[in-house]
Amino acid sequence: MEFLTVHSPALVVAVPLLAAFITPLISRIGNKFRDTVNVTFLSFAAFLMAVLAVDIYTSGTRIYTFGATVPELAIPEHYMVPVRIIFQVDGISIFMGLTTTVVALAALVYSLQFVKDETGQDRFYSLFMILYVGMVGLEFTGDMFNMFVFLEILSIAGAGLASYRVNLADAVEGGFKYIVISAISALLVLFAIGILYGEYNLLSIAALAHNMQFTTLDMIALALLGIAFVMKLAGVPLHMWAPDTYAVAPAGITPMIYTSSAASMYALYRITFTLYGGHFDTTAIGWIVIILGVLSMFIGVMMAIHQTDIKRLMAYHAISQSGYMLLGVGVGLAVLTDPVALAAYGRDAMNGGIFHIINNALYKGMLFLTAEAIFFRIGTRDLNRMGGLGHNMKWTTIFFIIGALAISGIPPFNGFASKLLIYESVFRFNPLLSVIAMFVSLVTLASFTKVFYSAFTGPEMSAYKEVREVPKSMLIGMGVMAAAIIFFSIFPGLVVNTIVAPATNALIDQASYINGVMGAVP
Amino acid sequence: MMPYIPYNIPFVAVALLMGVSLFIILFKRNLIKIIMGIAIMGAAVNLFVVALGYRAGGVAPIYTSTPEGAMVLPVPQALILTSIVIAVSVIALMLTMVIHTYRHTGDIDAKKSRLLKG
Amino acid sequence: MLSKIVRTISDQLILFILIYGLYIIIHGHVTPGGGFQGGAVIASGVVMMIVAFGSGEIKKSLRERHLSVVESSGALIFIGMAFAGMGTLFFYNFLVGTPVFGGIPPTGPNPGDVWTGGVIPLMNFGVGLKVSAGLSAVILAMALFSRGEETEE
C-alpha cells in the first residue's frame, strides 16, 4: 500500500498505457479476455486515483519526479531550476483526475457491447486507453512542454476515435475537423512555450511562475495559450468543430472527448491562475473569460433550440454548459486581487464553476450515452423520426429524464446545486450576468422537454415495435453515471467541501504550487 | 549593427512561414492543402524553437565529440524532436482521413464535402 | 511494379538501408539519432520496396497483423524499462553502474563508447522497433487504401 501511494501519480498514467500496448498482443487470445483485461486495468487505475486522492486531501500537494532517486527531488543538487520531468498533483489536478476517471470507467463499460460488432476493436481499446492517459497527463503534468505532449496525445487519440466508424462519411469529416483544430491549437501552445523558454530558459510551470515578469512577450504568450485552449474547449467563437465531432463520435467516446475539452479548460485555468496569476491585475483577463463564458452560454443554447439531430442538439448544450464553468471561474479570476470580494463571493463563484465541471461531465456524458443508445437501436439521430421509445426502452428513458432534469438545473439534482452557487455569487458581482445564466437554464429546460416529448412519449410507432432495451453493459455504463449524479444530488455540500473547495484553493493559492517545486531554492 | 542581422534571419523566416501557413489554412479549400498549411505551421514553430537555442559560434551538443567552447542548447533540439515525431503521426492521421473522405465523396474540396452543417 | 533494373537494385539496397537504420538505433545514445530516426530510416526502406514492387506484392510478405505485434512489443520494451526502474522511481535508470550498458563515458572528445547509457539504449531499441513497424504499417495501409483495397482485419 505504501508502495502504491508513493508511486500512484506515475502509475495512474503508466497502467492504462501498459493496457494500451498489450491490447494488440492479448487480443489473439480472445476478445472476451481482452475486454476483461482492459476493464481490470482501468479499474486498477481508478483505484490508484482514489488512493492518490485520499493522500492529497490529507497531506497536500504531491510531486513526482520521473527518474530521480526520491519523488520530491524536483531540483537535483547543484541545480537552481527543475530539470527533470515532473508531475505535480494538487487539489484541482486530482479533482479533474477523478472526473476523468469516473467518465472513462462508465464509457469503457458502455463501449464493451457497443463496439462488439465493429471491426478494429483492438485499436478502439488501445486508443481509448491512450486518450485516458492524455487527459490524466495533461491534468497532472508540472511542466509546459509535457502539457503540449499530452495535449497532442489526447488530440490524436480523440480524433482517431471520433472517426472510428470510417464507414460513415460524416464520421471521417467530424474527426478531420477535430484533428485540424487540435493540431493548430497545439502548435500555438508550442509557439507560446518557445517564447517562454526563450525568455526564461525554463519549462517547469512552477519555476516559470516564480520568475514571471509579465513583459510584452509574456502577454503574447498568454494570448496564444488562451486562444489555443479556448479553441480546444470549444468556447464561442471557436466552437465550430464541437457539434460536428460530438455528433459523429461513437458512444462512449463523445463523453470522453467532452471531458478532454474540460481538461483543456483545466489547462486554461492553470495558466491564468498559476502561471500568470499574482503578477498583474487579473480583472481584465477575468472579464475576457466572463464574456467568453456568457457568449458560449447564450449562443450555444440558441443554436441548440432548432437542431433536429439529437446529438448535435446535445453538443450545442455542451458548449452552453461550458459557459457556466467559464463564467463562475472568470468571476473568481476578476476579483482575484481583491481579497474582500474574493472572500465574499469570488470563492463561491469558483466553487460553482468547478463543481459544474464534474456535474456536467456526468450528466452531459450520460445524455450523450442515452442518445447513442437510441441510435444503437433505431439507427437514426433525427428527432423527427423518433417517437414512443419510452414504451420499449424504459431504463434509457429513466436515465434520460435524470440527465435532462440535472442539466436544466431542476432541484434537487446536482446541476441545480452548482448553478445555484453560480447564480448567487455572480449576482453579487454583476446582476445582469446572473439573469442571463438563469435565462439560459430555462431555455435548456425547454429544449430538453422538446427532446423528451418527441423521442420518448407518444404512441408506440409501428416501425419501432421490435425495438428492445439496450444490452446490459450499456445500461451499466449509464447506471454508473446516474448513480454518481444521484449521489452528488443528495450530498452536494459534502462534495463541495471535500473535493471542490480544495480545487478552488489550489487555483487561488499560487504560492504553494510554486513552493512545492521551488521551495528548496532561496 | 552588422552582427545582428544573421541572428534575425531565422525569425524573419518564422514570421514568413507562419503567415503563409495561416493564409493557406484560412483560405484554401482543398483538404490536402490545409494539411500542407498545418505542416508548414509546424515547421515554422520548430524553426522558431531551434533558433532560440542557437549560441554564437556554438558546436553541436554531442557529449563525446565536443571540443572546448560553447555548445548550442540541446534542450530545444530535444523538444523539437518530440514535436516532429508528433507531427508525423498527426499528418499521417490527417492524410488517412482525407483518403477516407475521398473514397466516400469522391472529392477533397472542403466546401463540397460539408455533410455536417448548422 | 517498376522495371527489373529498379527492382534488382532495390533488392540489393534494402539490406544496406536496414543496417544503416539499425546502426542509428544502436548508436542513438552516443551520436545524433536514436530510435525514431533509425526507425524512420528502416520505414523509408519499406517505402522503397513498396514503390519498386507495388503494395500488392509487399502485402504478401509484410503482414499488417505482424507489424502491429512488433509495434506493441517495442512499446512494451520501452514501458517495461520504465516499470523496471520502479524499485526506485518510475523511469529510474537502474542499469547505470551495472555490467549491462552501465559504463560512464569519459569526458572530452572520444570515439564514443556504446556500452554506456543504462536503460537508454534499450529504450532506443524499443522505440526503434515501434517506429519502424508503425511507420511501415501506416505507409503500407495508405498504399493499399489508395489502390482501393481494404486492409485485413
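## Ground rules

Two residues count as in contact if their C-beta atoms, placed from the backbone, lie within 7 Å. This is a predicted model, where local features need pLDDT of at least 70 and side-chain atom pairs count only at pLDDT 80 or more, while totals for chains, interfaces and linings use all residues. Residues are numbered from 1 along each chain as its sequence is written, and chains are lettered from A and ligands numbered from 1 in the order in which they are written.

## Where A meets C

On the chain A side, 16 residues are in contact with 16 residues of chain C. Sort that side of chain A by class and you get eleven nonpolar, five polar and no charged residues. Here Ala, Val, Leu, Ile, Met, Phe, Trp, Tyr, Cys and Pro count as nonpolar, Asp, Glu, Lys and Arg as charged, and the others, Gly among them, as polar.

## Where A meets B

Now for chain B: 27 residues of chain A are in contact with 26 of chain B. H5 (144-162), H6 (169-200) and H9 (241-248) of chain A each put in at least two residues on the chain A side. H6(A) gives the largest share, with 17 residues. By class, this side of chain A has 17 nonpolar, six polar and four charged residues.

## Chain C by itself

Chain C has five helices and zero strands (DSSP runs: H or I of at least four residues for helices, E of at least two for strands, numbered from the N terminus). Its C-alpha trace spans about 50 × 35 × 20 Å along the principal axes.

As for contacts within chain C between residues at least 6 apart in sequence, 71% join residues at least 24 apart.
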